[in-house]
Amino acid sequence: MDRENNFILSLYPSTKFMLPLFVTISIFIVPSYTYAYMMLPLCILLAVMANKAKEFLNLVFKGLLVLVLFIFIIQGVIAPGEEILWNWGIISIKQEGILLSISLTSKIVAIASAFLLFIRITPIKDISYALEKVGVSPKFSYALVSTFQFIPEISKRSKVIMEAQKSRGVETEGSVLTRAKAFIPVLGPLILSSINSTEERAITLETRAFSTKGRKTSLYNLTKTNVDKALQLTVIIILLCLLTGRILLWN
C-alpha cells in the first residue's frame, strides 16, 4: 500500500492535521504576505513527497487560483483608497485596494492549499476513525464521511446517466443551450438513484449495528507512533516560538 511505502501518508490523521493548523495560526502571527504565499510552494513540496502532486495541483489550478484571482480583482476595484493606479470609466484600481487584495488572497492561498493537501493525503475513513478514537460520536463521524463522499458519488452517477442518455440518441455535446437541455432528462434518474442509494445505505448501517449502544470494535486500525507525537510537539514548539518572536520583536 502507498501508506506503508510513504512517510507522509503513513502519519496519523491528527499529525497531518497539524499542517493546516500550523499554517492557519502562523500566517496571523507572522505579518508578511510573502510568508503566507510561501505556504503554497511548501504544500506542493509535501504533495510531491506524498506522491499526490498531480491531484493536488489539479485542485489548486482548477479551483483555488481561479477563486483567488476573482477575489483579487474584485477587491482591488471596490476597495476604497486615494492613490489611483489605473482608471477606466467608473472602474478604478487603487494602491490601497491592491495592498488589501494581496494581504487577503495570501491568507486564502495559504489556508486553502493546506486544507486541500490535508484532504488529498488523508483518507476520509482515517479522519472518521481518528475522531471516534478521541470520543466523537460515530453519528457525527459518519455524517462527516457522507458529506465528503456525496459530491464525488453524485458526479460519477451523473456521468453514467449522461452516457446512457447519449447512447439513446440524446445530444449531450455542443452549445451551452444544448448541454442544458441534455441535463434536464438526467435530473429525474439522478434524484431517484440518490434516494435509492440512501435507502441502501440505511439498511447497510443497520446490519452493522450502527444504532445500537455500547462500545464498538473495528477491523480497521490506525496507530499513533512516537514519530507522530514528536512531530506534533515540534509544531507546537514552533508556533510558540513564532508567537514569542512576534511579541518581543514585531511589537
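This is a predicted model: local features need pLDDT of at least 70, side-chain atom pairs count only at pLDDT 80 or more; totals for chains, interfaces and linings use all residues.
Residues are numbered from 1 along each chain as its sequence is written, and side-chain values use heavy atoms, without hydrogens and water. Local features need pLDDT of at least 70 and side-chain atom pairs count only at pLDDT 80 or more, while totals for chains, interfaces and linings use all residues.

**Exercise 1. Describe the secondary structure of the chain and the span of α2.**

Step 1. The chain has ten helices and two strands; these are DSSP runs numbered from the N terminus, with helices being H or I of at least four residues and strands being E of at least two.

Step 2. From the N terminus on, the order of elements is α-α-α-α-α-β-β-α-α-α-α-α.

Step 3. Helix α2 has 17 residues and reaches 25 Å from its first C-alpha to its last, close to the expected 24 Å. The expected span is 1.5 Å times one less than the number of residues.

**Exercise 2. Determine whether Ile25 and Ile27 are buried, partly exposed or exposed.**

Step 1. Buried means under 20% relative accessible area, exposed means over 50%, and partly exposed lies in between (1.4 Å probe, protein chains only).

Step 2. Ile25 lies in α2 and is partly exposed because its relative accessibility is 34%.

Step 3. Ile27 is also placed in α2, but Ile27 counts as buried because its relative accessibility is 4%.

**Exercise 3. Locate the largest nonpolar core and state which element gives the most to it.**

Step 1. A nonpolar core is a set of buried Ala, Val, Leu, Ile, Met, Phe, Trp, Tyr and Cys residues joined through side-chain atoms within 4.5 Å.

Step 2. The largest such core has 27 residues, and those with the most contacts inside it include Phe22, Val23 and Ile27.

Step 3. The elements giving two or more residues to this core are α2, α4 (39-49), α5 (53-78), α6 (95-121) and α10 (226-250). Helix α2 gives the most, with six residues.

Step 4. In soluble globular proteins, nonpolar side chains tend to be buried together.
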